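Please open the model in your viewer and colour it by chain. The stops below are meant to be selected in order.

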2 protein chains.
Amino acid sequence: MKLKLFVDRLSQPSRAILIFCKVNGIDFEEVKIYLSQGQHSSPEYKEINPMQQVPAIEVDGKFKLFESHAILRFLASAFPGVADHWYPAEVFKRAEIDSVLDWHHSNLRRGTTGLVFNGTIGPLLVGLPLNLQATAEAEKVLLASLPKIESFWLKDDGPFLLGNSEPSIADLSLVCEIMQLEVLDEKIHKQILEPYEKVRKWMDDTRNATQPYFDEFHAVLFQAKEKLIKIRSRGDNAETKSTEKSA
Amino acid sequence: MKLKLFVDRLSQPSRAILIFCKVNGIDFEEVKIYLSQGQHSSPEYKEINPMQQVPAIEVDGKFKLFESHAILRFLASAFPGVADHWYPAEVFKRAEIDSVLDWHHSNLRRGTTGLVFNGTIGPLLVGLPLNLQATAEAEKVLLASLPKIESFWLKDDGPFLLGNSEPSIADLSLVCEIMQLEVLDEKIHKQILEPYEKVRKWMDDTRNATQPYFDEFHAVLFQAKEKLIKIRSRGDNAETKSTEKSA
């Protein structure tokens, strides 16, 4: 099958899919859709994904699909050679991974994307006004989600979610999400993650299990982080203070 | 397999699961968890679902699962006799249904639950202050989601989502979600749904495909609606005016 990935490496679900394909030897063409340039709103891209979001995929020039979890499930099922642990065929094991993936939407993802966009990317890179209420609400959701990962999803012995000994698509999706917090002010980032020792170890384990691709596809995130450090050091923004206040 | 469903019929994903089981001849024991009485926060229920939400299931007294989409996928896969159209085994068809289900979380569900809870259930039944900003934001998400269903998910010829001739778990989940809008002020409810002819027809088709169970499990919702009409008619609330303003 001929696979095209429509992605922006600055988007966390895009990175999850890129890493998944590389780790599993799935050949693809990377079509870069730069969100910062509004390329997701072009008429051409609307033909690929009418919801105007990344990631999306196209298979053999015909079949189109969006929503990153649906894409990960599809890739794990449709391409030969993907190890079973990524998305187990056994119904009970698969159901538990689906439960994590579904939980993610209204919890960790909602918190992270809301906090990063409203508190950092919007005001510092896009030029939107700082939305304090949206930032505070997203932070509340994030700070309620991380202890659930620490004390429930990682409660069993294995290094990965649900006590598994090898990673699943849920590990990849959630870890890429938390990585997005790297663009926050460094002090805030540390404050948010410091209480969660298991979360930090699990992130390291997921990174190690998917190297060298994990670092390869996160390089642009760290470039963005450097850019934001420079913008913040100019001291011409209200973001750091307000986020410190709400953290 | 011995199946227990932990549900509140006033919760839309609970109803989707109840209807799904009945339509597909899956035997179950219904354990009622009344959200209005805080039963989802009891220590006993935390053992079933640590996230303290309904629905959740227990299989053979051992396997526990929460998140309604994960439950629907599991029931369709693990119980014999469920027709393939509910959650097709073929990977391309299944991927499209997964795409709808994943899209639902951050769009239709987020809009509906936010609007119904913050604008109606919270202030009128739970005694919370009316949260105007949260209500307006949720309504915005809902009003952006409905045209996507009308013009994209229902764009093809069949009566169900994705142009299918028979319903899937996505139809059931999304229609039960929109049904929750019944508890809004009647005028507002009509204003919200009136522009979407295909959506209204699809809701009727989904109801007809799942009778008599659709009506059986929605009866409590219509009882709640009657109760809210009485509360509103006392004229001692600000909800109607504010929702009218934002609609």
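The tour goes from the interface to a cavity and then to a pocket.

This is a predicted model, in which local features need pLDDT of at least 70 and side-chain atom pairs count only at pLDDT 80 or more, while totals for chains, interfaces and linings use all residues. Residues are numbered from 1 along each chain as its sequence is written, chains are lettered from A and ligands numbered from 1 in the order in which they are written, and side-chain values use heavy atoms, with hydrogens and water left out.

**Stop 1: the interface**

Select chain A and chain B together. Contact (heavy atoms within 4.5 Å) involves 31 residues of chain A and 31 residues of chain B. The buried area, meaning the accessible area (1.4 Å probe) lost by the two parts on being put together and summed over both, is about 2,900 Å², and carbon and sulfur atoms give 65% of that. Now pick Met51(A), Phe92(A) and Asp102(A): they supply 19% of the area that chain A buries against chain B, more than any other three residues.

Which elements of chain A give two or more residues to the side that touches chain B? They are strand E4 (63-66), helix H3 (68-78), helix H4 (91-126) and helix H5 (132-153); helices (H or I, at least four residues) and strands (E, at least two) are DSSP runs, numbered from the N terminus. H4(A) gives the largest share, 12 residues.

**Stop 2: the cavity**

On a 1 Å grid over the protein atoms alone, a cavity is a set of points where a 1.4 Å probe fits but cannot get out; a pocket is an open set with protein on both sides within 12 Å along at least five of seven lines, and lining residues have an atom within 4 Å of a point. Grid points are joined across faces, edges and corners, and a volume is the space filled by probe spheres set on the points.

The structure holds 1 cavity of 30 Å³ or more, with about 50 Å³ of space in the largest cavity. Select its lining, which includes Arg94(A), Asp98(A), Arg73(B) and Arg94(B). H4(A) supplies the largest share of this lining, 4 residues.

**Stop 3: the second largest pocket**

This pocket has a volume of about 370 Å³. Of its 16 lining residues, select Lys64(A), Phe66(A), Glu96(B), Phe152(B) and Lys155(B), the closest to its centre. E4(A) gives the largest share of the lining, 4 residues.
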